[in-house]
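Here is a short report on one protein model.

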Amino acid sequence: EPAADTQTSSNDSTAEAAAAAAGWDVYDSSMFVWNAYLTRPLRAAIQSGRWTVPLVHGYWEQRQVCVFGRALTLTLLARRSRHFAGTRFRKRGLSSQGFVANEVETEQIVDAGIDWATGQPLWSAMVQVRGSVPLFWSQQTTTLSPKPDILLQQFDPVYEKTGAHFSDMRRRYGDPVVALNLLRSKERRPREVLLRREYAVAVDLINAGLPAPQHIVYVPWDFSKHAKQPGANILLELAPIMTLCLDSSGIYVHGPASCSSCQPAIQARLGSRCGAAAAGDTAAAAAA
């Protein structure tokens, strides 16, 4: 039986490698390929994914900026998940698989050019995700009320699917997960306040069953309250929260300091420059 299990595992690995080579894995494993279902019959018929083009629903923009005389290229990429997507009011909350409604992954990339010593590109990148509040809730659409009531549905009293959502976030991006809650903290007629309270209870219950390094960092911040203050500068007020997020999660950096294979090239380049300078000094001394 162990030999059979080994053979089955080997066959599965071979099948996965073949699927990856045929270009299938990008369709079946990615949550951002919107035509995975429509292209499945064609890919199955020709046993390849190379004759179809993966479609992504998102946004892209690139700009050139200059900071203290240094030219930078800023790139913004956003892509929307195909799971549990829909129009406003009709898709809210969480699905039975743990996917939140209308999830969008946004990546900011900063390109600082090429390092002179190694010829390596200097890049940094950070990722943030927005989505519906990961609870079972909905809104009843009506033409009589521009703000439909929020209905909390007690399908998951122990928040199992909410926990599954955060587990998927940790699998995709690592620890810690920082959850920024922008819902209102005070309303005349409780709507968002209900979600805010339930969300906090859910995070507390989930954290109680996790080791400290995996705890969700929950940050409630009433966006509407801060935006209504006279002379409010939202970006300035969000700076401490952004600092907390970046200090907790870090950012991706590609450069000589993060590239171990670049160090020999750096030393060689610096050595050649020092050698050239020493030769120049010797020639100058001889001429004198």
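Pro 176 sits in the loop that runs between helix H4 (160–173) and strand S7 (178–181). Helices (H or I, at least four residues) and strands (E, at least two) are DSSP runs, numbered from the N terminus. The peptide bond that joins Asp 175 to Pro 176 is cis, with omega at about -5°.

The model is predicted, so local features need pLDDT of at least 70 and side-chain atom pairs count only at pLDDT 80 or more, while totals for chains, interfaces and linings use all residues. Residues are numbered from 1 along each chain as its sequence is written, and side-chain values use heavy atoms, with hydrogens and water left out.

Another loop, between strand S2 (70–80) and strand S3 (104–114), holds Phe 89. Phe 89 is not a glycine, yet its phi is positive, about 75°. Asn 102 is also found in the loop between S2 and S3. Asn 102 is likewise not a glycine and has a positive phi of about 50°. Is Asn 102 buried or exposed? With a relative accessible area of 15%, Asn 102 is buried. Buried means under 20% relative accessible area, exposed over 50%, and partly exposed in between (1.4 Å probe, protein chains only).

The sheet comes next. Strands of a sheet pair through backbone hydrogen bonds, either parallel or antiparallel. Here five strands form an open sheet in the order S1-S2-S3-S4-S9, and the pairing is antiparallel. Strand S1 (58–67) and strand S9 (252–254) are the edge strands, each pairing on one side only. From one strand to the next, the twist averages 15°; axes are lines fitted to C-alpha atoms, for helices over the stretch in contact, and angles run from 0 to 180 degrees between N-to-C directions. Two strands count as paired if DSSP finds at least two bridges between them. Strand S4 (residues 121–130) and S9 pair in the antiparallel sense over three bridges. Tyr 252 in S9 is the bridge partner of Ala 125.

Two residues can be followed through their surroundings. Gln 64 lies in strand S1 and is exposed, with a relative accessible area of 61%. Leaving aside neighbours within four places in sequence, Gln 64 is in contact (heavy atoms within 4.5 Å) with Leu 72 and Thr 73. Leu 246 belongs to helix H7 (residues 234–249) and counts as partly exposed at 34% relative accessibility. Residues up to four places away not counted, Leu 246 touches Met 126 and Ile 251. The table gives a C-alpha separation for each of the two.

| Pair | Apart in sequence | C-alpha to C-alpha |
|---|---|---|
| Gln 64 and Asp 111 | 47 residues | 9.6 Å |
| Leu 246 and Met 126 | 120 residues | 8.6 Å |

How many cavities of 30 Å³ or more does the structure hold? The structure holds one. On a 1 Å grid over the protein atoms alone, a cavity is a set of points where a 1.4 Å probe fits but cannot get out, and lining residues have an atom within 4 Å of a point. Grid points are joined across faces, edges and corners, and a volume is the space filled by probe spheres set on the points. The largest cavity holds about 80 Å³ of space. Its lining includes Leu 135, Phe 136, Gln 153, Asp 156 and Glu 198. The lining residues of the largest cavity divide into five nonpolar, three polar and two charged. Ala, Val, Leu, Ile, Met, Phe, Trp, Tyr, Cys and Pro count as nonpolar, Asp, Glu, Lys and Arg as charged, and the others, Gly among them, as polar.

Methods. 1 Å grid on protein atoms, 1.4 Å probe; cavity = no way out; pocket = protein on both sides within 12 Å on 5 of 7 lines; lining within 4 Å.
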